[in-house]
Structures are given as structure tokens and as C-alpha cells.
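This report examines one residue and one interface between chains. Please consult the sequence and the 3D structure while reading.

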Number of protein chains: 2
Amino acid sequence: MALFDILSAAMIFSSDTDHESVVSISVYAAVLCLCIVVGHFLGENRWVNESITAMLIGCSIGTIILFSSKGRSSHILRFDEELFFIYLLPPIIFNAGFQVKKKQFFHNFLNIMFFGVVGVFISFAIISAGSWWLFPKIGFNGLSARDYLALGTIFASTDTVCTLRVLHQDENPRLYSLVFGEGVVNDATSVVLFNAIQNMAVYKLEGWAAVHVIGDFLYLFSTSTILGIATGLLTAYALKTPYFGRHSTDREIALMVLMAYLSYMLAELLQLSGILTVFLCGIVMSHYAQHNVRDNSRTTTRHIFATLSFMAETFIFLYVGMDALDIEKWKTTKTRCWKTSFGIYSIILFLVMLGRAAFVFPLYALFNHMSSSSEGSLITFKHQVIIWWAGLMRGAVSVALAFSQFTVYGVTWDPVHATMITSTVVVVLFSTLVFGCVTKPLISILLPHHARENNQPHDDSANNDVTFPLLSLDGSAATAILQAKSSLSLMLARPVHTIHAYWRRFDDEYMRPVFGGPF
Amino acid sequence: MALFDILSAAMIFSSDTDHESVVSISVYAAVLCLCIVVGHFLGENRWVNESITAMLIGCSIGTIILFSSKGRSSHILRFDEELFFIYLLPPIIFNAGFQVKKKQFFHNFLNIMFFGVVGVFISFAIISAGSWWLFPKIGFNGLSARDYLALGTIFASTDTVCTLRVLHQDENPRLYSLVFGEGVVNDATSVVLFNAIQNMAVYKLEGWAAVHVIGDFLYLFSTSTILGIATGLLTAYALKTPYFGRHSTDREIALMVLMAYLSYMLAELLQLSGILTVFLCGIVMSHYAQHNVRDNSRTTTRHIFATLSFMAETFIFLYVGMDALDIEKWKTTKTRCWKTSFGIYSIILFLVMLGRAAFVFPLYALFNHMSSSSEGSLITFKHQVIIWWAGLMRGAVSVALAFSQFTVYGVTWDPVHATMITSTVVVVLFSTLVFGCVTKPLISILLPHHARENNQPHDDSANNDVTFPLLSLDGSAATAILQAKSSLSLMLARPVHTIHAYWRRFDDEYMRPVFGGPF
């Protein structure tokens, strides 16, 4: 078996520092190829998707390495936050912004922002408080107050990548944009909140800490947004100048890729949220810049971004899978007793489910209540269940944050911290494998195929017909309620449309002539 | 000036290890964008091309950093062999193989191989012997015998990237394929020879050393070729299986990119010549694999490879330009006296010119002599001058080899070694800037535009008409010579065509049905 030979070679060479990076790159490239081919074979399968395949392959390779190195190590590369945050995350998030259906996204904009931001705060509060209350009960002590707060943000960040593989944009555009948009905002919020908590010790003002965190958060959010939009517009303008069009495709492509990456890097450099910046840069670029380049460049950039994103995602899952068997961490963990370990995993998983349920169902109920008067944009209970479920998976962001909090350059000798790392990896593996496997069947049960094949707006109005009579059972009461909530309704539903209309006019009159776009 | 702000920020942060890579990546991304835009502005210029632009921008940025850091350092990233050989070189060479006009290349195959391999050996001998003889004369001592041998290979590797920017494939297909093909074989030969010399100390057999070097060389050459072809065919086969075609473009693209990279990495892992392997992999992929993918994937992969190559090239020139002002090396150099320094630079430049002249003119004279009977494939003197000139530039491979020989991880405290590094950088800068600037005008003087716009086969026959009478001035003597050399001629010219015909038949009957291709 050729792979095994390579891995044996990898083990022989990996003591040699000169060859280490060559070996690990070769192995990763080979294993990524394997994932692509195997993922392709399993493409038609009901339960498995590519993320799960990559993770399982990662676990298997980890096992092989573990045996061939006689228990010394299980991975070629140590999990490296830098690698993750500098090279792997930006293409995924940028591509997400670049490929998103902007109409749906902006239509649900307030909704998405509200759920992304408020949701993280609620999840964070529940997970932090819950773990602080429950961990000592099962005999697991030793975490500081800040560790508990960090734990809240670590497990508040959802991994929507896996769900989006299952939920197709064309079949469920609305659901997709809700889940996806919330996921991006959620990731950004978690990372920003995590950084805010890391900085908290500096203030040392217990009372003002919350205000500081929220102030930090708002500052980071707005500056990141501005930076992302500015970079996107700059790129569009550079490509629009009549000048570039007639020249080489390679140059256009290089400029787009570099500027996209630069936006992320600049945000990181200025200690803003790179995720948010690069996401908005992606949206702006696909709205303007994409129309200023040649047909060839357009096709190519679309596929380059999609391919990079695909490779980065597969790589991450492979990585997490391989890291799960990191024997050193398992040896360092405090809890030799399996009961305590399982206790920790169960508590975290339970809190994750509870934390998400605590904002999805109440907030959507509120949201439906607000917007039912305006038009057919209700989110049925079935949709809510899917949205809830889709956000239960925890992924690479959680792992990266956990490593950042509990290790120093990926290494820790503190048993309590090592336990938190292994728990994070277990929760990520379990949620991705188990919750991930169930997602596909769950969606096909909750949204039967005939319903999904319909157009979504049509589907919505059908749902509306079902729910509206329930609300208007008692005409007079309904009228009273409608009156009462009309002011609130204006706050949420109306402005979105008004703003949207204003924006359209502004875009057509001022933006497109300068930055390019379809006329 | 925004750039200046970033650079100041870079200087502030670069003491902080956490931010170092973020800063350097941001700066490089920003500067690459600048190079693209400036290079575009200067695109129509007669003298300057993009490589030179990148180098000059690199120098300017180096100067800015030097001043803003008050003379402490001039670069963000230290020149790193690993970065160069692992990330920057593979895309350039692969793209070269992928985009080369295969018909022309194979037509001149023996020619290219002969010049590439024999040429390097001749250049190497002249530069090693010349520097060994001349350096002590100007009072520069301290290099070991192996250093002189290494110097020969360092300056035997040409940098054709710069010339190829000027010499367009469509205008001069034959000249392009000769210069380009020789350049690739030359690079591969130099690197292989360099490695063979590095290993020489192990043998400790002075007499057998040459045999060992040649044996090593032949082994590396053949195994690298086999590996490259095998990887290319494997990729083509994987994409051909009916299975893949119907599926996603992203997966096809990812597989091609990964396999291409894997071929290089595997070669490096097995200590073969990655350059040769990835080049052949590129040729095989463009011959077979490219026909097994969708139209979108085909367009995208072509542009991806071209863009990556373009970015890597620009990056290298920028890098070399920035590294030229590395103040530490200049301080460490032995020769405070500018006379000795200029002596060293002049000797090296002279030897480089002599070393190339010593094989280009004699070998092409021999070649013309051999093949004049068979058909119109003569290389006129003007072409020879261009071929000679095009190979005078020294580039990133030289710098990388010099760093590998004379530094430990980019740092050296030995004044003699530091002098060799600065000399290499100066020679590279000078040859690229001065020789590079002259190339464009030289080509337009030697090959006026009306001649270049003709089709090359047509052009060749025109050249043939000019040169043939000269050879057949004396009919009887010519006949005698023709008779005498017919056996030699068969060795060189005939087999190429016979082999080519056999190969075509074999390709159509056996290869294409299995691995794909146009029917």
C-alpha cells in the first residue's frame, strides 16, 4: 500500500528537521487527494458527507501513525492556530461572502445580525454559567473564572460548514441564508468576544468589564465592517479603471486574490475581526469587482475561491481528526477516571444544545410575532428545528480558540488544561459525526422533497396560510395585538425594505457607475 | 502615504513574534498588488519589464525599511530556501510545463536536453576553474575547494523567467522553446549537480568523485523523469474514470493542483529533482489530464497555474530586491575595500558570460553542422546571440543555492561567506537589471518585427535559404562532408523524427484511450 510506505517514510524522516515540512506537506497533499476521491465515492450516501469523511480519514491516518510510531505520536503537524487563522479560515469565509446569494442575505439582514450577535451572547452566558455550576459537581475543579468565560465563547461558535454541505442553497435559499449568515456572524462574534475576554484582565474593573466587552465588541464590529467594504470597493475601482480590462487575465485574478487576502491580514494587523472583514470584502467584490473583469477571469476567480475554500475545509476536518489521537494530551489529562471525562463531555454537549435552544426558539417566536403582519416571511417550527440543529455542530473555530486559551503554542503540561483540550476535540468530533450524520435525514424528514423543490417564496406563502388563521382566530383580539405591535413591527420589518429600496436607488445612481456592476 | 503607515506598523509590530508573520504577509500582499499595478503602467515600456519593476520596488521598500528602522534591518522576511524551494519554485516550473507548446518542445527535445545538460557542465567547469584561478589574484582567499565547485553550479543556473517575459511564445515559438526548455533543464541540472557536490564530501574518494557525481546525476535524472510522468498519468487516469466527469469542478481542480504539488514534494522527499519531476508532470497533465475535465475546470486550471506562477515570480524578484539591502550581511563582509568587491563582481560576471559563450556558440555550430542536411532547422548566428544573451541573467535559483551553501538558515558570521552572498545578490541584481533591460531592444534589433510576425516554420525556411548557399558554396566538398556526417546526423536529427512518429502512433493507440486526450 503506497500510502503506508509514504507514512513510514514520513516517520523515518520526521526526526530530521530539514525534511519535516516536506514530509508533512506531502502527506497532507496525498491524504487530501484521498479525501477527494473517497468523498466522491460516498457522495450519494445518505448519512455521510465530505466533512465526516475527512474527519474519519484523519482519525484512521492518526491511528496508523500512532501504531507505526509505536505510540509516540499521532500527527504529522501539531494543531497550529496560526496556520488555521492565517491560511485556512480566510479562504473559507471569503468564499462564503463571494458566493452568497446577496438578495436573500440582505433581505434577512437584520434577522441574521440579531440572531448572530444576541444568540452568541445567550449561548455564551448559558454555557459559562452552566459549566461553572456543573463542573465542580462532578469533581472537576481547577478552572479560573476567565477559563469558564472563555469556555462559553469556545462552545458558542457554531460550525456551519458541515451543515451547508447538506443544505443546498438552490433548494432552500431562505433557510440557507439564515443558517449561513448566522453562522458567519456567530463565528465573528465568538472570536471578537473571545478576544474581548482575553483582554479583560487588563482592565481589572469587575463592574465595568461587561461595558468594556460590549464597547470593544461594537468598536471591532463597526471598524471591521468599514475596512472590509473599503477594501472591496478599492479593488473594484482598481479593476474598473478602463486601463485594466484590456490586459491579462492573470493580473486581474492575482489582484482580486491578493486584495481579498490583504483585507483579512490588515484586519488582523489592526486587531480587528478578520472574519467579518473578509466576509464583507467578499460580498462587495462579488457585487462590484466581479463585473469589471473578463469572462475568463470571472469564471476562474469563482472557481479559485470555491476550490480554495473546499480544500481548506477538508484540510481542517482532516486535521481535527488527526489531532483527536494526540497521545501526549491524553496522557496529560487530569481525569484518568472515564466517568468524570464522560461527565464533562455530556455537560458540554448538553449546554451547547440548551444554549442554542435558549435563543433559537424564543427569538424566532418573537420574530414571527413581529413580522407576521407585514408579509409571508414566517419561520415555521420545522424550520426552527433545522436552524437549531444546524448550529449544534462545533468545528475548527472551537478547536482553534481552545488551543489559544489552554495551550502555549499547542503544548500544555497542565492536566486541567489538557483535559479541556481533549474535551473540546471530543465534543467537536462527536457533534460533527453524530449530529452531522443526522442532519441529512432530519432535513429530508422535516422538509419532504416535494416541498423543497418548490420555490421558497411560494413555500412561505403556503406556510403563511397555515399559520395565519391561527393568529387571526379571534379577529378583534388579533386586531388589538396587530395595533399594539405595529410600532415594533416597523422597527424590524419595514425599515429593512425601506432601507433596501433606498440602497438600490443609491447603488444604481452612485455606486455602480464608479465601482462597476450590471446595469 | 498608506504604504508607509503599514511599514511603520510593520516595524512596530515586528518585534512581536505573534504578529510577525501577519505583518510580513500583509506587506508582501500589499507590495505584490503595487507591483501588479505599477508593472501594468509600465507594460508598454521598451526597457522595463515586470521582473525588473518588482526588483526595483523591492529595493525601494528595502530602503524605506532601512531608514524607518534606522539602519537596523532592510527586510521583513529573511530569504528562506524552504519558502523558495517548497512554495515558490514548484508553481513556476509546473506552469512552464503546463503551458509549453509541446509540439515545438518535443521537436527540439534532444537539442534541449543536450544544451541543458552539457551546457551546465561546461559553464560549471569554466566558472569553478576561473574563480579558483582569479579570486586569489585580487587578494580574495578563504574559500574551500568545495566552495569553488559550489560557486560553479550557483552561477551556472540561468534565470530564464525574465527573458521569457520578453520573448513571446507566439512570436518566436522555436526560439522560445529552445531558450525555455534549456532553462528548465539547466535549472534542474544545476540543482542536481549542486546536490551531488554537497554529497561529495561523504565519498572522500577524490578520483572517483567525478564518476560518483555523474552516476548520481544520471540516477536522479531518470528517476525524477519517471516519477513526474507517473504522477501525471495517475492524475489523468483518476480524472478519466467516467465517474469524475459528472461531478463538481472544484474537486477536479483541487485534484489537479494537489497532484501537481504532490509530484514535486514526493521528488523532494525521495531526494530527487523536484524541478524536473514537476515539469514533466505539467507536460503530461496538459497532454492528457486537461482533456478529461469540464470546460470550466480547463479554463480555471490554466489560469490558476498561470496566476500562481506569475505571483511566485513577482514575489521572488521582490524578495531578491529587498534582500539586496540586507545590512547585516554587508557589515559582515570581509572586503571593506570597494576595489576587491568590484573585482569579485566583475570576475563572476565575466565568467558567467564566458561560460555561456563557451557552449552556446560551439555547440550550436556543431548542431547546425549536423542537422543542415536533414531539413530547415538551422539556428542562425543572430538566434545564437539571443540564446546566449537570454541565459546570462542569474536569478532566484542562484540566490537560493548561494544561501544554501554559504549560510545556516540565512545567517552567517563568516566574512568570506557573507561576501559570497552579497556578491551573488549583486550579480543577480546587475544581470537582471542591466542584461534584462537590454534584452528587449536586443531582440527587436536582431529580429525585426516584420520577421517575427511571420510564422516560424516559414521563418525557418527563410533562414535556411540564407544559410544553405553558404554551406553549399563548394558542391563537391559539401557532398563529401554530407557523406561523412550522415552517420552522426542520423544520431541526432533522424531518430528524433522517427521516435516522434512512433510515439504518435503509440500515443493514439494505447495512451489516449486510457488516459484521455483529443481524438
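## A buried threonine

Thr153(A) counts as buried because its relative accessibility is 0% (buried means under 20% relative accessible area, exposed over 50%, partly exposed in between, with a 1.4 Å probe and protein chains only). The model is predicted: local features need pLDDT of at least 70, side-chain atom pairs count only at pLDDT 80 or more, and totals for chains, interfaces and linings use all residues. Residues are numbered from 1 along each chain as its sequence is written, chains are lettered from A in the order in which they are written, and side-chain values use heavy atoms, without hydrogens and water.

## Surroundings of Thr153(A)

Thr153(A) lies in helix H7 of chain A, residues 145-154 (helices are DSSP runs of H or I with at least four residues, numbered from the N terminus). Beyond its neighbours within four places in sequence, Thr153(A) is in contact with residues including Phe124(A), Ser190(A) and Leu401(A) (contact means heavy atoms within 4.5 Å). Ser398(A) is 245 residues away in sequence, yet the C-alpha atoms of Thr153(A) and Ser398(A) are 8.3 Å apart.

## The interface between chains A and B

Chain A and chain B each bring 51 residues to their contact. About 4800 Å² is buried between them, 71% of it from carbon and sulfur atoms (buried area is the accessible area, with a 1.4 Å probe, that two parts lose on being put together, summed over both). His40(A), Leu258(A) and Leu269(A) supply 15% of the area that chain A buries against chain B, more than any other three residues.

Key: Helices (H or I, at least four residues) and strands (E, at least two) are DSSP runs, numbered from the N terminus.
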